Amino acid sequence: MSLSRRTLLRTATGLTVAFALPRAARASTKTVVSAEVDAYLAIAPDGAVTIYAGKVDLGTGARIALPQIVADELGADIARIALVEGDTVLTPDQGGTGGSTGIPVGAMTIRQAAATAREKLLGLAAAKLALPADALEAIDGEIRPRAGGAGVTFAALLAGADLDLKLDPKAKLKSPAEFRFIGKPLPRPDVRAKFTATHSYVQDHRVPGMLHGRVIRPPSQGAELLSVGETEIPGARVIRIRNFLGVVAATEWNAIRAARDLKTTWREVQTKASSDTLYTDIRATPVIREERLSGDGTPDFAAGRVLRASYAWPVQSHGSMGPSCAVADIRADGGTIWSASQGTHRMRRLFAGFLGLEPSKLRVIYMDGSGSYGTNGNDDAAADAALLSRAAGAPVRVQWSRQDELGWDPKGPPHILDLTGALDAAGSLTAWESIAYLPMNTPGLPGIPLLAVDAAGLAQAQGRSAGLLAGNADPPYSIPAHRTLIRWLDDTPWRPSNLRAPGKIANVFAVESFTDELAAAAGIDPLQFRLARMKHPRGAEVLRRAGAAMDWQSRPSPQQPDSTAKTLRGRGIAYVHYKQAENFVAMAMQVAVDRSTGGIRVERVICAHDCGLMINPDTVRAQVEGCILQTLSRTLFEETTYTGGRVTSTDWASYPILTMPDVPKLDIILIDRPNERPLGAGEAAAAPVAAALANAVFDATGIRLRRAPLTPARLKAAMA
Amino acid sequence: MRSITLNVNGIDRPVPLDDDAMPLLYALRDTLALKGPKFGCGLGQCGACTVHVDGEAVRSCLLPAAEAVGHRITTLEGLGTPEAPHKVQAAFIAEQAGQCGYCANGMIMTAAALLARDPHPTEAAIRSELANNLCRCGAHERILRAVARAGA
Ligand code: FES
Ligand code: FES
């Protein structure tokens, strides 16, 4: 890379967030080689620190967590830390932001870089002050003698030199007793600007000479464009590349009008698939391969009391509040894309491929978008903008419509689990089998195939990638005989992607609902039933804490319903050890069911959450709130409907989500474990939500709902 | 092409108009480069585009710009500044009431209009006022708390 950061930072329009006062980030001629400390950190001649993060803040709070980590580990002055996120020229490729890896993976590398730099500064200061390094400490941008007395600033120690250091994976990390910022609920640096209209989202980004673009998607999946009319909108231009059809115009409204009024004819592909037959369609899909996820026995279901149940989860949309948007300026010899993608480095590689550019000539700059919870339409919108920009010879901004977003964003795939369990005469759980039907990911797929690239007939890797869907399909309990099989399917109705806690919400819905079914069959209190089989003390603790906060009365479910009551109340609990390796979460809920309508009102949610060391408990809390409320929405309301190759749930009336009146009281118990490694908080608490809700509905009504969403119509029909 | 004059945040601004159906949102965002009002659905379903017209919360994605002529339009920019935020903005900051913050414009503008009518709303009143303002990140509880704080 020949351009220096100094040159780039002068022209950069991307996201540089200063923690306190905006300040010029440090110039450097270093590359972004990920084994070098200065890929992640720079210390300016005046001592100001810049963090370069490959992973980004999606409204999640990394923008404060990273400065907290660096302030502690480097001993920097937290008021003088700036952060650059996700710019492919300035930041190292740390992989995409997703899977709740921002803190446990991305931030921990930066922490190690900070520790490496601190050790170096301590060594320099030891020489300068003629004191042993262990008599010194790094604090507020200085190295000071622990015993007191004058210190020396980072700026003076480096005297303008770069941090020319290899990242030392063994550099000693500070112990929790030494933390001054980690563990504090410091406010996020970006919210003031967001709430006063001074923050630029990618939707707000404008560049000189920019045109507005809109893409006309086919009426149904795979349709072929036969003919296109002319546009009469002033200044608008139609751009067609095979089946990729768009318009550009000088104003946004004219782009919308031109797209809306354009006459087109398409040849559609006939398809019978429909959301009404989704689960029979899944069962008819060929299984490519069966995999044993866990368990080594062949559970014996010949004896004892055997229960069998099937659980189903529908197709769902990411449903980002702001539809996807991107700005691209693609020229013959290079280009720039401004995008809210969760993977700007991945975007650079893939886009350089189909645009036929040298990767080093393409720059992708991360800008905030509306929150994303996995790979939503942002990458597609960027491909739309890139193709339109190249064809138009001008920068182009593409803003998807609401219908584009709910219709064409890659979907959370649907999912079936078949469960079998056996109880012996004493009511003890002796055997368990889970069989999950999941779409198979394509090994090594570099990114999901993009709509525009396929429509334009350009080359890209084909396949499916929807995250780690199998996780938590197995029970988190000690069971004498158990096995979990995954039947990997050859297809799924809509282009899938990773949507928050991929697969795990549906898996835990099934596994933890079925655990309740077994407890009820055994006549045992559901909390006791779980605790009796708990493998981990940290798991037992979250369950106990959630139960205590709920004032859990030990008794079997369901309660004996009062046959005259109009409203039935019940409580339920569910547990997850996320991916059987990460967070421990217990979720308890209280619901009220309206007997006449089947309407479910969630009155109270208690969540006990253990994610190890918490960098910032307030941002962890916000993530847990988000996991709970978004997953309540998915559980109660959301199902992408489709027929004839087109999505029919393309607005908020046909794809309803949680609204303010639906919001329950949340009681979140965060268990801090400063000596444990930090885990992410963006996914785990989503996993047990659906099961806790279904278990509470069962407790209230005696009805077991096994298919999401748990709509009033389904419950009413079951109660009739 | 004709030009209309819109009074936005206290200033008369000329806006060229070649289609009478153009919603106010596009005049504000595209012509006047304001960042407060957001595009969320264009269907009046989500509230992201909310502005005040003569003090009332209005969906700017539905109201034709031409119909806003002669009325006072206030956007999030006009409500307060980073240095001197409106009390609802200050409460949102204090409660850290947003994740991505994309819904915040609509939440704040709707709440500010509510408080102008009803300075101390009940929680039920706040919830029902915000019933048609959607949030996808799950910041609802903080948003409710922030509005309650501003209306305390
Ligand atoms: S953008 Fe106006 S209500 Fe959604
Ligand atoms: S904070 Fe992201 S939509 Fe509300």
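Is Arg257(A) buried or exposed? Arg257(A) is buried, its relative accessible area being 10%; buried means under 20% relative accessible area, exposed over 50%, and partly exposed in between, with a 1.4 Å probe and protein chains only.

1. Basis of the note. This is a predicted model, in which local features need pLDDT of at least 70 and side-chain atom pairs count only at pLDDT 80 or more, while totals for chains, interfaces and linings use all residues. Residues are numbered from 1 along each chain as its sequence is written, chains are lettered from A and ligands numbered from 1 in the order in which they are written, and side-chain values use heavy atoms, with hydrogens and water left out.

2. Extent of the interface between the chains. Chain B contributes 49 residues to the contact and chain A contributes 66 residues, where contact means heavy atoms within 4.5 Å. About 4800 Å² is buried between chain B and chain A, and carbon and sulfur atoms give 56% of that area. Buried area is the accessible area (1.4 Å probe) that two parts lose on being put together, summed over both.

3. Polar pairs and composition of the interface. The rule finds 33 residue pairs in polar contact across the interface of chain B and chain A, both residues being at pLDDT 80 or more. A polar contact is a pair of N or O atoms within 3.5 Å; within protein, one must be able to donate a hydrogen and the other to accept it, and residues adjacent in sequence count only if both atoms are side-chain atoms. On the side of chain B that touches chain A, two or more residues come from each of α1 (24-31), α2 (76-79), α3 (87-95), α4 (104-117) and α6 (140-150) of chain B. Helices (H or I, at least four residues) and strands (E, at least two) are DSSP runs, numbered from the N terminus. The largest share of this side, 5 residues, comes from α6(B). By class, the side of chain B that touches chain A has 27 nonpolar, 11 polar and 11 charged residues. Ala, Val, Leu, Ile, Met, Phe, Trp, Tyr, Cys and Pro count as nonpolar, Asp, Glu, Lys and Arg as charged, and the others, Gly among them, as polar.

4. Salt bridges between the chains. A salt bridge is a side-chain nitrogen of Lys or Arg within 4 Å of a carboxyl oxygen of Asp or Glu. Across the interface of chain B and chain A there are 7 salt bridges by this rule. One of them joins Arg142(B) to Glu625(A), with the closest N and O atoms 2.8 Å apart. Arg257(A) forms a salt bridge with Asp18(B) at 3.7 Å, N to O. Asp18(B) lies in the loop between β2 (11-17) and α1 of chain B and Arg257(A) in helix α6 (residues 252-261) of chain A, so the pair joins two chains. Asp18(B) is partly exposed at 32% relative accessibility. Arg257(A) also meets Asp19(B) in a salt bridge of 3.5 Å, N to O. This pair likewise crosses between chains, with Asp19(B) in the loop between β2 and α1 of chain B, and both of its residues are buried.

5. Salt bridges within chain A. Glu433(A) and Arg483(A) form a salt bridge whose closest N and O atoms are 2.6 Å apart. Glu433(A) is in strand β20 (residues 429-439) and Arg483(A) in strand β21 (residues 481-489) of chain A, so the pair ties together parts that are 50 residues apart in sequence. Both residues are buried: Glu433(A) has a relative accessible area of 10%, and Arg483(A) one of 18%. A network of salt bridges links Arg63(A), Glu85(A), Arg188(A), Asp190(A), Lys194(A) and Asp368(A).

6. Surroundings of Asp418(A). Asp418(A) is in strand β19 (residues 415-423) of chain A and counts as buried at 17% relative accessibility. Its side chain makes polar contacts with the side chains of Ser310(A) at 2.6 Å and Tyr437(A) at 3.4 Å. Leaving aside residues up to four places away in sequence, Asp418(A) touches several residues, including Arg283(A) and Glu433(A).

7. Domains of chain B. The domain assignment, which is automatic or from a database, gives domain 1 (2-79) and domain 2 (87-151) of chain B. Their C-alpha centres lie 21 Å apart. Across the interface of the two domains the rule finds 0 salt bridges and 6 residue pairs in polar contact, both residues at pLDDT 80 or more.
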